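Hi everyone, thanks for coming. Let me put the structure up, and then we can walk through a few of its helix contacts together.

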Amino acid sequence: AHFSVELFQLEPFVADEYIERLVWRTPGGGSRGGPEAFDPKRLLEEFVNHIQELQIMDERIQRKVEKLEQQCQKEAKEFAKKVQELQKSNQVAFQHFQELDEHISYVATKVCHLGDQLEGVNTPRQRAVEAQKLMKYFNEFLDGELKSDVFTNSEKIKEAADIIQKLHLIAQELPFDRFSEVKSKIASKYHDLECQLIQEFTSAQRRGEISRMREVAAVLLHFKGYSHCVDVYIKQCQEGAYLRNDIFEDAAILCQRVNKQVGDIFSNPETVLAKLIQNVFEIKLQSFVKEQLEECRKSDAEQYLKNLYDLYTRTTNLSSKLMEFNLGTDKQTFLSKLIKSIFISYLENYIEVETGYLKSRSAMILQRYYDSKNHQKRSIGTGGIQDLKERIRQRTNLPLGPSIDTHGETFLSQEVVVNLLQETKQAFERCHRLSDPSDLPRNAFRIFTILVEFLCIEHIDYALETGLAGIPSSDSRNANLYFLDVVQQANTIFHLFDKQFNDHLMPLISSSPKLSECLQKKKEIIEQMEMKLDTGIDRTLNCMIGQMKHILAAEQKKTDFKPEDENNVLIQYTNACVKVCAYVRKQVEKIKNSMDGKNVDTVLMELGVRFHRLIYEHLQQYSYSCMGGMLAICDVAEYRKCAKDFKIPMVLHLFDTLHALCNLLVVAPDNLKQVCSGEQLANLDKNILHSFVQLRADYRSARLARHFS
């Protein structure tokens, strides 16, 4: 055979491939040798033989399968029989187990009953034996001679302690008149043993024997001197604990160390640890705080406040670390009371010290600044007359009283402001830490009022008043205008003041009625300052316009606009125009540097309007020839170029209109009506147009009035 069973066991079996392999192996059956070599008879013979072989193999395999099936059925029957036998055996075993369980339960019940009976008999017997022993020991005290080994052998101190503790309790019940002597002896022995145990505990602690300490502490637990044992432990724990310069760090390390071992020694570790912490606070920390504060309390308020803040902060930080330990039920209240007991005498009058120091410190900062300027502060008048003067000055700009020459000094100092704000910031921080929560908003408000008094009133308001007094009258020549410098510095200071208000005061008062009070006070101060700034800016603008008037009056000549020789005019614009424009540009730059935001536009708008009115009225004073009119147009064009620097559309529009009006000075008489109805002049009042035409030198000769009749 050319095949075996293994051929059919290949995975996967493909019949087509199997036949292909068979054909390929048969001589003359495949394509080898070409078409001539192909022998279909040989191939058919091979297929027939192969089919017969496959049938024989199939029969052999079928017999083998039947044999295996018979063997499997036999084994299945044997296995089922064996399982049945095992189930029967299991049932028998389970029945035996139930019987045994019932028997054990019965025996256990009997044993428990017997145990109860034995205990009922043994307990009174043990008590009797115990009582007998105690009576024996009591007799020894009665006879005055202690013979028992338990009292004479120092190694049996634990047993002796147990006995003497019980005898001591019994002795309390005996009448004093009959047993006074024996009660005294028992009490004496009780005291001696107690001392010995405490001494033993002390020695064990010094040796670091935790297990021995635990044993002795357990014995002492029933003695009156147990608290003394705890005191000894606390005292010895602190020996050598404070070696660093930082007592708070030492205390934290000590408590952490004790917390780890106290549970291995005492049955009530949280009570012992709490007592240690109380001892540290009331003795060590309290004496340290007192030493640090008392020496500077009356002599140096600044150092006292710094020390108080530092010590209180470090104490509360220590308290926070101790919160992680088990100190009993309400450890928060416990630690708060300890802190309060240390600092209560200092915190009661804290805010008085704080405000007193802040006032004196702020006054000193200001005085030092004015001294550095060799300036003696003048008193700023208040009351009816001063208010009346101020109102008259605001409405009329009359120079009521002589102006003060400040020599360019603004009397505002950013360094002074920073120092005042820094002092106040530290005061707010101390106030937040040291004030009782119920007093915090009120205390913060007191600090704020001091800041307002010294920063806003004594410094800024004084500088504004001085600056106002230093503004010259509007008709002064070559006046130096320093008030814009005051405005610039005041703006910067306002921003710093507002930032501190939001950053440091608001968090302290945000949820209290004092919030509205502080906001109102701040609003009043700012409104008062803004009113004075507005007054000063208004008067400064008047001075600028006055200075321009002086320039125009000094530089502008009548012959500028009505030259003697019309054909020989060589200038592009007049000298007065050049100087006015140079002055205006300088002032515009100064205003932009002195202010910010919308304030710049507002002030430039006002200056631009006044500047336009000045030029308009100035041009109305002259008579214009044809060439003079051209020169006036050139001047106004230059003024308009200057107005562009303002970057205010309305101001530029005013000068555009003025430029258009000046065209009326040069236009041909026949075209006058057409120009007047042009886009820029159509909306103007007819009288304004007529007034400009009247300025022409040829007004009468050319009979120009007929155009407006």
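Axes here are lines fitted to C-alpha atoms, for helices over the stretch in contact, and angles run from 0 to 180 degrees between N-to-C directions. Helices are DSSP runs of H or I, at least four residues, and strands are runs of E, at least two, numbered from the N terminus.

On the helix 7 side the contact uses S227, V230, D231, Y233 and I234, and on the helix 9 side V272, K275, L276 and N279, where contact means heavy atoms within 4.5 Å. By class, that gives five nonpolar, two polar and two charged residues. Ala, Val, Leu, Ile, Met, Phe, Trp, Tyr, Cys and Pro count as nonpolar, Asp, Glu, Lys and Arg as charged, and the others, Gly among them, as polar.

A word on the source: this is a predicted model, where local features need pLDDT of at least 70 and side-chain atom pairs pLDDT 80 or more, while totals for chains, interfaces and linings use all residues. Residues are numbered from 1 along each chain as its sequence is written, and side-chain values use heavy atoms, leaving out hydrogens and water.

Next, helix 10 (residues 301-322) and helix 12 (residues 350-372): their axes come within 10 Å and cross at roughly 135°. So helix 10 is oblique to helix 12, and this crossing is left-handed. A301, E302, Y304, L305 and L308 of helix 10 touch Y350, V353, E354 and Y357 of helix 12. Seven of these contact residues are nonpolar, none polar and two charged.

How do helix 15 and helix 16 run relative to each other? They are roughly antiparallel, packing at about 180° with axes 11 Å apart. Their contact has 21 nonpolar, two polar and no charged residues.

Finally, salt bridges. E200 and R212 form one, at 3.0 Å from N to O, meaning a side-chain nitrogen of Lys or Arg within 4 Å of a carboxyl oxygen of Asp or Glu. E200 sits in helix 5 and R212 in helix 6, 12 residues apart. The count comes to 28 salt bridges.

How values were computed:
Parallel < 35°, antiparallel > 145°, perpendicular 65-115°, else oblique. Left-handed = near helix turned anticlockwise from the far one by under 90°.
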